[in-house]
Amino acid sequence: MNIHQKYILRCIQLGKKGLGTTAPNPMVGCVIVHDNKIIGECFTDPYGGPHAEVNAINSVKDKSILSESSLYVTLEPCSHFGKTPPCADLIAKHKIKEVYIGLQDPYDKVAGKGIKKLQDAGCIVTVGILEEACRKHHKRFLSFQEHQRPYIILKWAESQDGFLAPDPSLRSNNPEPFWITNAYSKQLVHQWRSQEQAILVGTKTVLEDNPKLTTRNWTGKNPTRVVLDKDLKIDSNFHVFDRSVKTIVLTQHNDASKCIEGVIYVEIDFSKPLAKQICNVLYQQHITSVIIEGGARTLQTFIDENLWDEARIFKGSIRFDKGLVAPKLTKAPAEQQHILTDTLSLYIND
């Protein structure tokens, strides 16, 4: 690994600090180097705030040496006015002599225009340093820009014998959810929720488990709740309609008399493949990532339409003997780890 790659790797480390807060903007990291020493570094603020390049430049105490410095960044500096001015203009203003970029931005308002601005200002620009690592880091943003859909994470927990839930007969005396995983795995799931823009579940999951779908066991932003409810069976008494979090309902019957104030309703056609329609709605809502937590039918829909990027599957130690069979993936896990009594398997759909 050469020195330029090491600085870009540091940019990636910094960029991760923006996970869950910068979306729909990318979580960019930036480092500024003078005489082989880092003199400034930072990452993108929560959405609406300054970008990584601005924060990194502002962190440099002696601005006079910027003209003899090099700037490293995971993604091409922006060239347009959005909620903030163009980063490329600020870099050019300070006459930073060299700019090293991990990845060109595919967003049509940037897409090489930031690079050209820098070159026109006299900067020496190098693109493509640790490009694959930067693509992986920016996977949510790139999915949204290149595929016009959010980055999709499937998540479920199954019993040791492969069931999502016990047979209804086991629930007759105990309507509360059966917890398959331990407390540490549950907390990890809440951390994951804080990292993604949205969380999606089907009607049956809400009616049977009455989930809150929040990050109450982790410090972080609650994701937008997305609920499939074809016939508007879920009434206002359920947690998903407590108005504490932005909530979107995808339905086939947008009956005004059943609509709940403060909830966004979007009509889709449940007689046609659903996953693609759901992705289109989330794209229109500027959602760059979604974690799908159930139920079995909803998860299987995305698997059948091959619209998923990751699957995170817990296997607990409990056995049900009979019940709701968990979805199946035909590939081997990319990674596995143990969380006390639970096994977590990560699958990548490449």
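How many cavities of 30 Å³ or more does the structure hold? The structure, which is a predicted model, holds one such cavity.

**The cavity**

The space in the largest cavity amounts to about 140 Å³. Its lining is made up of 18 residues, and the closest to the centre are Thr22, Ala23, Asn25, Met27 and Arg140. Helix 6, which spans residues 139–147, supplies three residues, the largest share of this lining. Sorted by class, the lining of the largest cavity has six nonpolar, ten polar and two charged residues.

**The second largest pocket**

Helix 6 also takes part in the second largest pocket, where its six residues form the largest share of the lining. The volume of this pocket is about 930 Å³. There are 35 lining residues, of which Lys136, Lys139, Tyr151, Glu310 and Ile348 are the closest to the centre of the pocket. Several elements each give two or more residues to the lining of the second largest pocket: the helices are helix 5 (131–137), helix 6 and helix 7 (183–195), and the strands are strand 13 (310–315), strand 15 (335–339) and strand 16 (342–348). By class, this lining divides into 13 nonpolar, nine polar and 13 charged residues.

Five strands form an open sheet in the order 2-1-3-4-5, and their pairing is mixed. Strand 2 (37–43) and strand 5 (124–127) each have a single partner strand and stand at the edges, so one side of each is left without a neighbour in the sheet. On average, neighbouring strands of this sheet are turned by 15° against each other, direction ignored.

Within the sheet, strand 3 (residues 70–75) and strand 4 (residues 98–103) run parallel and are joined by five bridges. Val73 has Ile101 of strand 4 opposite it. In general, the strands of a sheet pair through backbone hydrogen bonds, in either a parallel or an antiparallel manner.

Helix 1, formed by residues 3–15, lies across strand 1 (29–34), strand 2, strand 3 and strand 4. The direction of helix 1 is at about 140° to strand 1.

Methods:
Residues are numbered from 1 along each chain as its sequence is written. This is a predicted model: local features need pLDDT of at least 70, side-chain atom pairs count only at pLDDT 80 or more; totals for chains, interfaces and linings use all residues. Side-chain values use heavy atoms; hydrogens and water are left out. Two strands pair if DSSP finds at least two bridges between them. Helices (H or I, at least four residues) and strands (E, at least two) are DSSP runs, numbered from the N terminus. Axes are lines fitted to C-alpha atoms, for helices over the stretch in contact, and angles run from 0 to 180 degrees between N-to-C directions. Contact means heavy atoms within 4.5 Å. On a 1 Å grid over the protein atoms alone, a cavity is a set of points where a 1.4 Å probe fits but cannot get out, and a pocket is an open set with protein on both sides within 12 Å along at least five of seven lines; lining residues have an atom within 4 Å of a point. Grid points are joined across faces, edges and corners, and a volume is the space filled by probe spheres set on the points. Ala, Val, Leu, Ile, Met, Phe, Trp, Tyr, Cys and Pro count as nonpolar, Asp, Glu, Lys and Arg as charged, and the others, Gly among them, as polar.
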